[in-house]
Structure formats: C-alpha cells, structure tokens
Amino acid sequence: MKRYFKIGEVADMLGISTDTLRFYEKKGLLASRKDPKNGYRYYEPQEIYNLMDVLFYRSLDISIPEISDILTASDPKGLRALMARKGEEVQQKIGEYQKLYKRIQTNMELLERVERNFEKYELTFMPPAVVINEAPNIGQSYLEDLVARSIYPTENIFYYLQAFSTRWEGKSCVIDRIYTTIPQRHVLKGDTNLRYEQNRVLSCARCLRTVFCVRAGETQSRLDGAVAWAEEHGWRLAGDLVGFWIYTAYSRETPVDFVELYLPVK
C-alpha cells in the first residue's frame with residue numbers, strides 16, 4: 001500500500017519549514033493531495049523526490065522560474081548551458097568578494113594603527129599616498145571642487161582617505177591644503193584606475209607618527225601640541241606635517257575624529 005506523507009513530516013524530513021513547502025507548491029514545483037475529510041495536505045514519495053531536486057537546484061542559487069524550466073525539460077544540453085552561466089556568475093561574485101575582502105583588510109589595518117598608536121609617538125615611514133584631488137583649506141570650497149570635477153568614481157571610494165598638509169605661521173602649524181588620497185599600493189595593484197599613477201604622491205621616509213582624537217572640525221588645535229612634543233624630545237622638524245582622517249565616532253553627542261599624524265624629522 002502506497003504511503004502518503006503529511007506536510008509536517010516532509011518538512012521535518014528535509015529540514016525546511018511548512019511555509020517553504022507551501023511556497024514551492026504555490027509556484028507549481030510540487031503537488032499535494034488534499035484529504036477532503038480533514039483538509040490536510042499529503043505528498044506522494046515521487047513528489048518528495050521532486051522536492052529534493054528543487055532544494056538541490058536552489059542550493060546552486062538557481063531561480064524559481066529556472067527550476068520550473070528544468071523540471072519540465074528533458075534536454076541535458078540546456079541544463080549544462082544554465083550551469084555554465086551560473087559558473088560565470090559565481091566567478092564574477094568571487095572577484096567582487098576578493099575586492100571586498102581587500103577593502104575590509106585595508107580598513108582593519110587603519111583601525112589597528114589607530115589602536116596601536118593612539119596618543120603614542122613612533123619613528124617610522126609614511127606609506128605613500130597618491131593625491132587624487134587637492135584644494136586650499138577654505139571652507140566648503142574643497143567639497144564644491146569635488147562635486148565640480150566628479151572625483152568620486154564608486155569603484156575607488158572605499159580606498160579614499162581625506163588628508164591635509166600644513167604651513168607655518170610664525171611658530172604655529174596651520175592646515176594649508178586638503179587632499180583626497182588613495183594608498184599607492186592600491187593604485188599599483190590595479191584596484192583603482194591607472195590614470196592616477198602620474199599623480200603627486202605624499203610620502204615621508206622618516207617621520208614621527210601619532211594618532212589623536214579631537215572633536216570634528218577642530219584638528220587644527222592639536223597640531224602645535226604634536227610639534228611641541230617632538231621638540232621636547234630632541235626631534236627637529238624637517239618639513240610640513242601630513243595628517244589623515246582615519247575614523248569618525250558618530251555615536252557621541254559631538255562627533256570625534258581620529259587623526260593619524262606624520263611629522264617629518266631629522
């Protein structure tokens with residue numbers, strides 16, 4: 001005697017919900033019998049085997065309409081062509097995820113430097129940064145310049161860092177230029193458009209590096225303190241300061257910027 005299976009039994013057997021079963025039935029991917037006495041759904045063994053095929057194809061990220069075509073077609077050539085297309089899609093996604101992973105790694109490296117160097121000074125070099133755009137530090141003129149030049153292609157935006165350099169006014173450092181930069185290693189690796197290869201590069205072979213936090217928009221107020229620390233410890237400045245805005249903490253009442261500062265020294 002042929003046995004029929006209740007909807008709950010099939011769901012438990014295959015590890016899916018009864019709602020999923022009903023959904024596939026509504027889409028015409030499987031059929032059930034309905035007991036006229038109690039209204040319960042029952043499934044024949046063959047329908048369960050069909051459902052296992054449906055779940056297999058769904059695990060390959062094949063769409064419901066495509067699965068419907070597979071279940072009603074008998075030509076393996078068409079199925080192979082479909083698998084080939086899916087393979088190409090997966091290869092494309094792998095490339096996208098590899099780029100995403102590099103971006104995550106880049107951000108992790110920056111945040112690790114923030115944690116490791118916060119309020120500390122270390123003699124090191126400044127990783128070269130390619131300048132994508134620069135403008136005088138005059139109010140909103142920098143943002144207006146970015147908009148006018150359409151400088152932010154979306155494939156590069158995740159690597160961008162806002163930076164600044166200084167000039168001297170008497171004994172004080174004043175932020176002079178604002179930059180949009182990309183770490184040079186990303187340009188050279190081909191993750192960004194190669195038109196940037198000829199751009200100006202910010203770099204320093206011998207710097208004191210520190211990280212500080214300050215209320216957003218008040219970075220200027222911390223520069224003289226960094227210069228004073230260097231001089232007190234016997235370092236002589238050999239050029240203008242360069243800083244990168246790494247991270248902004250928005251969870252506070254007043255946003256706080258974390259800035260990585262490089263002081264060229266002799």
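Two strands pair if DSSP finds at least two bridges between them. Helices (H or I, at least four residues) and strands (E, at least two) are DSSP runs, and both are numbered from the N terminus. What you have here is a predicted model, where local features need pLDDT of at least 70, side-chain atom pairs count only at pLDDT 80 or more, and totals for chains, interfaces and linings use all residues. Residues are numbered from 1 along each chain as its sequence is written, and side-chain values use heavy atoms, leaving out hydrogens and water.

View 1. Take S4 and S6: they pair in the antiparallel sense over 7 bridges. Which residue is the bridge partner of asparagine 133 in S6? That would be threonine 180.

**View 2. Arginine 177 meets glutamate 134 across two strands.** The two form a salt bridge (a side-chain nitrogen of Lys or Arg within 4 Å of a carboxyl oxygen of Asp or Glu), with the closest N and O atoms 3.2 Å apart. Arginine 177 sits in strand S6 and glutamate 134 in strand S4, so this pair links distant parts of the chain, 43 residues apart. Arginine 177 is partly exposed at 24% relative accessibility, and glutamate 134 is partly exposed at 27%. (Buried means under 20% relative accessible area, exposed over 50%, and partly exposed in between, using a 1.4 Å probe and protein chains only.)

View 3. Side chains of opposite charge can pair when their charged atoms come close. Aspartate 61 forms a salt bridge with lysine 93, the closest N and O atoms being 3.3 Å apart. Aspartate 61 lies in the loop between helix H3 and helix H4, while lysine 93 is in helix H5, so the pair ties together parts that are 32 residues apart in sequence. Aspartate 61 has a relative accessible area of 44% and lysine 93 has 39%, and each counts as partly exposed. Glutamate 89 and lysine 86 also meet in a salt bridge, at 3.4 Å from N to O. These two are 3 residues apart in helix H5, or about one helical turn. Glutamate 89 is partly exposed at 38%, whereas lysine 86 is buried at 13%.

**View 4. Four charged residues join in a network.** Salt bridges link Arg113, Glu122, Arg209 and Glu260. A search of the whole structure finds 16 salt bridges.

View 5. Are cysteine 204 and cysteine 207 buried or exposed? Both are buried. Cysteine 173 is buried too, with a relative accessible area of 1%, while cysteine 213 is partly exposed at 23%.
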